[in-house]
Amino acid sequence: MDLDLAQVRAFVCAAEELHFGRAAGTLALTQQALSKRIARLESLLGTALFHRDGTGVRLTEAGQRFLRPARQTLAAADTAVEAALGTDRPLRVDVWGHLYAPMRTLAEVADRAGKLVIGHGRDLPSVTAALRHGDIDAAFGRVHPPLHPGLAHRLVRLEPVDAVLSADSPLAAEPALRPEQLRGSVLWAPGSLERLDFLHRFADRFGIRDTATSVNLGLARFLAEVAEDPRRFSLLPADVPLPDVPGVRAVPLVGPTPLYAWSLLWRTGTGHPGLQRLTDACAARAHRLRWLEYDPARDWLPEPPAADRHRRSYSAAG
């Protein structure tokens with residue numbers, strides 16, 4: 001029995017979405033074309049893969065059994081394509097979380113990672129879509145659950161976060177601040193908190209009730225807005241180089257120190273050899289600079305690793 005990969009891909013996408021319209025949009029097909037591909041696959045297999053009724057779309061028992069090997073089949077096909085393209089093609093890497101300057105970390109490993117082509121993704125959903133469509137090979141930024149099936153990630157760096165405040169804030173002269181000391185201030189965010197998972201989790205965890213949003217027009221403009229009001233603050237990784245903006249201060253956070261988690265993200269089955277070189281380069285840098293050190297008694301992560309009462313280092317996740 002020869003499987004048509006286009007039909008298998010249509011099935012897997014529909015099984016992940018459980019909605020033919022969304023699956024068709026993801027694959028740039030009409031819903032009718034998607035339905036025809038799945039119907040032909042069901043005809044070839046001699047069994048129904050989906051229940052279709054007034055309650056929506058769901059997998060049959062045969063569909064549930066077929067889903068995992070179908071994903072493996074597509075991954076193997078993608079690996080074969082990558083092998084045929086050879087090793088000369090650069091690894092296509094996209095990033096998100098631009099206000100937090102993800103390029104800083106990639107720049108530290110780029111010379112050991114082989115040829116890279118860097119993109120400019122907007123956010124995690126858009127980069128996830130590019131990975132699923134095969135437009136890019138890997139991505140770098142903060143990953144938070146739930147991840148789309150078929151994607152994998154590896155933790156690369158845990159970066160301490162500072163509070164940035166107006167120099168007129170009564171807290172700006174402190175050598176360090178506890179997150180709870182910010183409860184009377186206004187968290188200034190470069191967009192909707194619903195889309196900024198780290199800031200959203202921080203506000204919930206430490207009781208920051210007053211929030212306000214701006215538009216991300218770059219770090220210099222964002223910091224100038226923070227400086228305008230002594231009640232405002234935001235969060236930035238400690239190693240982000242601050243532009244020369246008058247009237248703003250960066251103060252370390254302690255007790256606990258929030259950590260911003262950077263990860264590599266890729267599609268399962270990606271066969272480009274540059275992906276292994278990139279992950280190896282990140283792991284070597286993390287080991288040398290202790291990028292993955294985490295102490296649950298001292299540090300805070302929105303999604304902490306397995307509970308541990310002692311200082312540990314974490315090299316991978318996912």
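Buried here means under 20% relative accessible area. The model discussed below is predicted.

Q: How many aromatic pairs does the count come to?
A: Rings of Phe, Tyr and Trp pair if their centres lie within 6.5 Å. By this rule, the count of aromatic pairs comes to 11.

Q: Are the rings of F11 and F66 stacked, tilted or edge-to-face?
A: Planes under 30 degrees apart count as stacked and those over 60 as edge-to-face, with the rest as tilted. The ring centres of F11 and F66 are 5.1 Å apart, and their planes stand at 50°. That angle makes the pair tilted.

Q: Which aromatic cluster do F202 and F206 belong to?
A: The rings of F202 and F206 have centres 4.9 Å apart and planes at 50°, so this pair is tilted. Both F202 and F206 are buried. The one aromatic cluster that holds them is formed by Y100, F140, F198, F202, F206, Y260, W262 and W300.

Q: Is P256 buried or exposed?
A: P256 is found in the loop between β10 (248-252) and β11 (257-267). The relative accessible area of P256 is 16%, and the cut-off for buried is under 20%. P256 is therefore buried.

Q: How many salt bridges does the count come to?
A: Side chains of opposite charge can pair when their charged atoms come close. The rule used here asks for a side-chain nitrogen of Lys or Arg within 4 Å of a carboxyl oxygen of Asp or Glu. By this rule the number of salt bridges is 24.

Q: Which helices does the salt bridge of R71 and E16 link?
A: The side chains of R71 and E16 meet at 3.3 Å, N to O. R71 is partly exposed at 30% relative accessible area, and E16 is partly exposed at 21%. The two are 55 residues apart, and the helices linked are α4, with R71, and α1, with E16.

Q: Which network includes both E108 and R285?
A: E108 and R285 meet in a salt bridge of 2.8 Å, N to O. This pair links helix α5 (residues 103-109), where E108 lies, to helix α9 (residues 273-289), where R285 lies, across 177 residues. Salt bridges that share partners join them into one network of R104, E108, R157, E159, D239 and R285.

Q: What is the relative accessible area of R142, a salt-bridge partner of D197?
A: The side chains of D197 and R142 meet in a salt bridge at 2.1 Å, N to O. D197 is in helix α7, while R142 is in the loop between β5 (138-141) and β6 (151-166). D197 counts as buried at 15% relative accessibility. R142 is buried too, with a relative accessible area of 4%.

Q: Which elements give two or more residues to the lining of the largest pocket?
A: About 660 Å³ of space lies in the largest pocket. Its lining has 26 residues, and the closest to the centre are G97, R122, D123, R195 and L196. The elements that give two or more residues are α6 (124-133), α7 (197-205) and β9 (232-237).

Q: Which element gives the most to the lining of the second largest pocket?
A: This pocket has a volume of about 480 Å³ and is lined by 21 residues, with R9, V12, E16, L74 and R267 nearest its centre. The elements with two or more lining residues are α1 (5-17), α4 (61-85) and α6. With six residues, the element that gives the most is α4.

Notes. Residues numbered from 1 in each chain as written. Predicted model: local features only at pLDDT ≥ 70, side-chain atom pairs only at ≥ 80, totals over all residues. Heavy atoms only, no water. Helix = DSSP H or I, 4+ residues; strand = E, 2+ residues; numbered from the N terminus. Buried < 20%, exposed > 50% of the residue type's maximum accessible area, 1.4 Å probe, protein only. 1 Å grid on protein atoms, 1.4 Å probe; cavity = no way out; pocket = protein on both sides within 12 Å on 5 of 7 lines; lining within 4 Å. Points joined across faces, edges and corners; volume = space filled by probe spheres on them. Phe/Tyr/Trp six-rings, centres within 6.5 Å; stacked < 30°, edge-to-face > 60°.
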